[in-house]
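Take a look at the structure first.

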Amino acid sequence: STLFLILILLGDVFILYRESNERYVRSYQNSIRDPLTRLYNRSYFYDTLTQRLSKASASQPLSVIVCDLDRFKRINDTYGHLQGDKVLQFVANLLMDSVRPQDIAARIGGEEFVLMLANTPSDAARQVAERIRLNLSSFDKASSEGQLPEPITISMGVFTTTSPNITAEECVESADKAMYEAKETGRNRVVVFQ
């Protein structure tokens, strides 16, 4: 009977440990994820980019793509913020489905997203961005099952580095400049930082 009690106590300890571990994992995931889109959040993105930059080299280029939805304010103003949230979630899912497991997709602002593509040269990053842009612009209200109230477009800026001597902020700033050039030259396009 003593052995039986010990087995019961060990079982209880194991259950408590497992529940505690599950709570910890949930809590950790909530701390690194955007609550609306479930993409990674800004701080996790910058921390990870900083770590990965230390390994950047000619044989391991690192690309950053800054993405901004075109005329998103009009979506919120016309259809309301709940519909705007659905648009953000739709775009987030599209971005997650467009990158590899070793890449990072994050929401860093209202309708601004960023991708970090590991071991990806500039031309390949531009191709990824162009594929995402074309894919998003192909959806309308019907094909998105009502998540998009109308067709949505996206402007994207690409920056690639092969140097570990650049900061995460400089990478994002360069990709952001390219994205603003995309906005200023007509929207719904991809620009590579020069």
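How close do the axes of helix H3 and helix H4 come, and at what angle do they cross? The axes of H3 (residues 72-79) and H4 come within 7 Å and cross at roughly 140°. This is a predicted model: local features need pLDDT of at least 70, side-chain atom pairs count only at pLDDT 80 or more, and totals for chains, interfaces and linings use all residues. Residues are numbered from 1 along each chain as its sequence is written, and side-chain values use heavy atoms, with hydrogens and water left out.

**H3 and H4**
- H3 and H4 are therefore oblique to each other (angles under 35 degrees count as roughly parallel, over 145 as roughly antiparallel, 65 to 115 as roughly perpendicular and the rest as oblique).
- Phe72, Ile75, Asn76 and Tyr79 of H3 make the contact with His81, Gln83, Gly84, Val87 and Leu88 of H4 (contact means heavy atoms within 4.5 Å).

**H4 and H5**
- The axes of H4 (residues 81-98) and H5 (residues 122-137) come within 11 Å and cross at roughly 140°.
- That makes H4 oblique to H5.
- From H4, the contact uses Phe90, Val91, Leu94, Leu95 and Ser98. From H5, Val128, Arg131, Ile132, Asn135 and Leu136 take part.

**H6**
- Helix H6 (residues 168-184) has 17 residues.
- Its buried residues include Ala168, Cys171, Val172 and Ala175 (buried means under 20% relative accessible area, with a 1.4 Å probe and protein chains only).
- Helix H2 (42-53) and strand S1 (62-69) are among the elements that cover the buried residues of H6.
- Just after H6, Gly186 takes a positive phi of about 125°.

Methods. Axes fitted to C-alpha atoms, helices over the stretch in contact; angles between N-to-C directions. Helix = DSSP H or I, 4+ residues; strand = E, 2+ residues; numbered from the N terminus. Expected span 1.5 Å × (residues − 1). Buried < 20%, exposed > 50% of the residue type's maximum accessible area, 1.4 Å probe, protein only.
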